[in-house]
Amino acid sequence: MASVLIVNDQSLQRVGLRMLLAAEPDLTVVGDTASGSEAVALSAALRPDVVLLGGVGPGTDDLGTIRRIAHPAAPAHPARPAPVSGSVGPAGRPPRILVLASTGHEGHAYAALRAGAGGFLLQDATPRELTAAVRVVAAGDAVITPGLTRALIETVRHERPRRPGGRAPARAAFTERERDVLVAVASGWSNAEIATRLSIAPTTVKSHVSHILAKIGARARVQAVAFAYEYGLVRPAA
């Protein structure tokens, strides 16, 4: 059973989302709010598996809310509990965040993912796509609305600077095959395309991607793309 906290400033949308999720036998809604600051407090108190966050557009502080939920403050002293500025889920980790944004705000997806979101869907997603995305994010995987991945990669190509020297952190010591997969991901290939071009099984591709994300401390595929461009594993198109 995956628990969900709904954050949306539209009361009718909150009611509709609650009804949709409550109808699923493996999902439960533990609370809802219209306020980002209250969402941070409720996340700490309720410890949901997933925070379903509406918004992320111009004039909102949703990116700040994402950061505060996804990156709780470290304890000031080992023997003392940390002040509540984020939340920790049942397994000792912060809740995972799924952003549900209105059409036209696709450009904010990259910022949301960099802030710590684990998924990004547009509000024109079908009920089945939304409930499936909640399950994917609850399981620890990333999900991005169909058709948006390549647009995100183009954003990374133009906005992510390359680090001088280009040496990746020691923890990101990739195997040769992982490096091949990372370059392919950064080039915009899907898992199926990577499997075909590298002559490996789709399940093997998925395993490599999971290992890559773990090594660089990323939650979302687009963060791996950013990493590849930042450290010069691939170069932006002219």
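Start by selecting Arg 135, which is partly exposed at 29% relative accessibility (partly exposed lies between buried, under 20% relative accessible area, and exposed, over 50%, using a 1.4 Å probe and protein chains only). You are looking at a predicted model, where local features need pLDDT of at least 70 and side-chain atom pairs count only at pLDDT 80 or more, while totals for chains, interfaces and linings use all residues. Residues are numbered from 1 along each chain as its sequence is written, and side-chain values use heavy atoms, with hydrogens and water left out.

Helices (H or I, at least four residues) and strands (E, at least two) are DSSP runs numbered from the N terminus.

Next, select Asp 32 and Arg 14: their salt bridge has its closest N and O atoms 3.3 Å apart. Asp 32 belongs to strand β2 (residues 27-33) and Arg 14 to helix α1 (residues 11-22), so the pair joins parts 18 residues apart in sequence. Arg 14 is buried at 16%, whereas Asp 32 is partly exposed at 29%.

Last stop: helix α7 (residues 176-186), where Arg 177 and Asp 180 lie 3 residues apart, about one turn of the helix. Their salt bridge has its closest N and O atoms 3.6 Å apart.

Notes. Salt bridge = Lys/Arg side-chain N within 4 Å of Asp/Glu carboxyl O.
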